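This report sets out the features of the structure shown below. It begins with a pocket and then turns to the chain, its annotated spans and the pairing of the copies.

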Protein chains: 2
Amino acid sequence: MARTKRAGRRSGNPDTRAEILAAARRLFAEEGFESVSMRRIASEAEVDPSLIHHYFGSKDDLFLAAIELPLDPAPEVAAVLKAGGVEGAGERLMHAFVSIWDGPHQDKLLAVVRTSLSKPAMSFVLRQLFEHRIVKTVESVLGGEVDRIPVRASFIASQVFGLVVARYILKLEPVASLSADQLAETIGPTIDRYLTMPVDQFET
Amino acid sequence: MARTKRAGRRSGNPDTRAEILAAARRLFAEEGFESVSMRRIASEAEVDPSLIHHYFGSKDDLFLAAIELPLDPAPEVAAVLKAGGVEGAGERLMHAFVSIWDGPHQDKLLAVVRTSLSKPAMSFVLRQLFEHRIVKTVESVLGGEVDRIPVRASFIASQVFGLVVARYILKLEPVASLSADQLAETIGPTIDRYLTMPVDQFET
């Protein structure tokens, strides 16, 4: 794509979308999702803010597009948690998580994870996805039942990301070949413990 | 380094060491640690097998050099397990693991992990380290007390690799800032459960 006419980019040619995504990635990485406004991203990309809404809709949607995630995990997590509360949540979450990863989006999900783990500058992808989409969703559903969810969520993440590494990246057996039911049954109680154990001793 | 004289490489110039390492990495990745002999690596590198022993010692040492690991985890794991058997092994293992990762080798350890997670062809590094060094070591120490250690070890790996991701790569708080004591106390029981739970239902 030739980039000789700067004015051309502003008015909506295919470069514009790429410029917005590049600016969003850069600013999310440097300053974090929360502190970067849509107006700021528009300014960085040298486009009118209305174009961002035109191409991507909300700021959440822009973030998911910027990190090239094939699906938003937040509604999935909310649905699973609402379907039964804290009781047995670990097993239900693990079952849903493995089922999604075993499905048609696996290659794209793996690409996002590999990108985020391979270079320090790209770690913001999974970190912000976790902090902005997952922790907030869990708080909105379980906030009345469970205290200090960000603390618990960081332990849960240490198990869930490890399952991704063991099953989908390193392919360690038998974890790589077990069914969603078997993994939910085995790893679910670990999640449940992190959701219910005392965490008062941890300052944050 | 000029590589005009092929005979020169065979007799021990600095290229020889690099050639051996490259051949070892290639063969370990393609065929696995167990099935590749020192003689085979020597043949692939076009050097005399005695040169491999001269530069690297044993096949274990060659593997560790090939993956550029700054320390061999096997003696550490063996020492921790021998110091108290299965009882409380999870907490002792986690404490030792975090202490080593928090020490002077962190950058090199991170480099090995990032390399192994970033490209499919490099996953053999952590997989073989795990299968060849860790699982065998645990079996040699706990084999009389604990059944089906490879099954249990793959679950333990799913927690331990996840801790590396959460604490050292994504830096999720508070897991990123907690002490070795706190992580051992919190995650140790997860390891203990994977070491003691029934696993008869899992075929391998």
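## The second largest pocket

In this predicted model, the second largest pocket is lined by Arg25(A), Ala66(A), Ile67(A), Glu68(A), Lys108(A), Ala111(A), Val112(A), Thr115(A), Ser116(A), Met122(A) and Val125(A). The space within this pocket amounts to about 150 Å³.

Helix α8 of chain A, residues 106-118, supplies 5 residues, the largest share of the lining of the second largest pocket. By residue class, that lining comprises 6 nonpolar, 2 polar and 3 charged residues.

## The largest pocket

The largest pocket has a volume of about 260 Å³. It is lined by 15 residues, of which Arg127(B), Gln128(B), Phe130(B), Glu131(B) and His132(B) are the closest to its centre. Two elements of chain B, α9 (124-142) and α10 (149-169), each give two or more residues to the lining of the largest pocket. The largest share, 7 residues, is that of α9(B).

In terms of residue class, the lining of the largest pocket consists of 6 nonpolar, 4 polar and 5 charged residues. Both domains of chain B take part: domain 1 (6-66) and domain 2 (73-196) each provide at least three residues to the lining of the largest pocket.

## Fold and domains of chain A

Chain A contains 11 helices and 0 strands. Its C-alpha trace extends over about 60 × 35 × 30 Å along the principal axes.

The chain is divided into domain 1, residues 6-66, and domain 2, residues 73-196. Between the C-alpha centres of these two domains of chain A the separation is 28 Å. Their contact involves 9 residues from domain 1 of chain A and 8 residues from domain 2 of chain A.

## Annotated spans

Two annotations of chain A come from an unreviewed UniProt entry. The entry lists residues 14-74 of chain A under "domain: HTH tetR-type". In the model, this span is 72% helix and 0% strand, and its end C-alpha atoms lie 29 Å apart.

UniProt also lists residues 37-56 of chain A, again in an unreviewed entry, as "DNA-binding region". Over residues 37-56 the chain is 80% helix and 0% strand, with a distance of 14 Å between the end C-alpha atoms.

## Relation between the two copies

Key
Residues are numbered from 1 along each chain as its sequence is written. Chains are lettered from A and ligands numbered from 1 in the order in which they are written. This is a predicted model: local features need pLDDT of at least 70, side-chain atom pairs count only at pLDDT 80 or more; totals for chains, interfaces and linings use all residues. Side-chain values use heavy atoms; hydrogens and water are left out. UniProt positions are given in the numbering used here, feature names are shortened, and annotations may be inferred rather than shown by experiment. Helices (H or I, at least four residues) and strands (E, at least two) are DSSP runs, numbered from the N terminus. On a 1 Å grid over the protein atoms alone, a cavity is a set of points where a 1.4 Å probe fits but cannot get out, and a pocket is an open set with protein on both sides within 12 Å along at least five of seven lines; lining residues have an atom within 4 Å of a point. Grid points are joined across faces, edges and corners, and a volume is the space filled by probe spheres set on the points. Ala, Val, Leu, Ile, Met, Phe, Trp, Tyr, Cys and Pro count as nonpolar, Asp, Glu, Lys and Arg as charged, and the others, Gly among them, as polar. Domain bounds come from an automatic or database domain assignment. Contact means heavy atoms within 4.5 Å.
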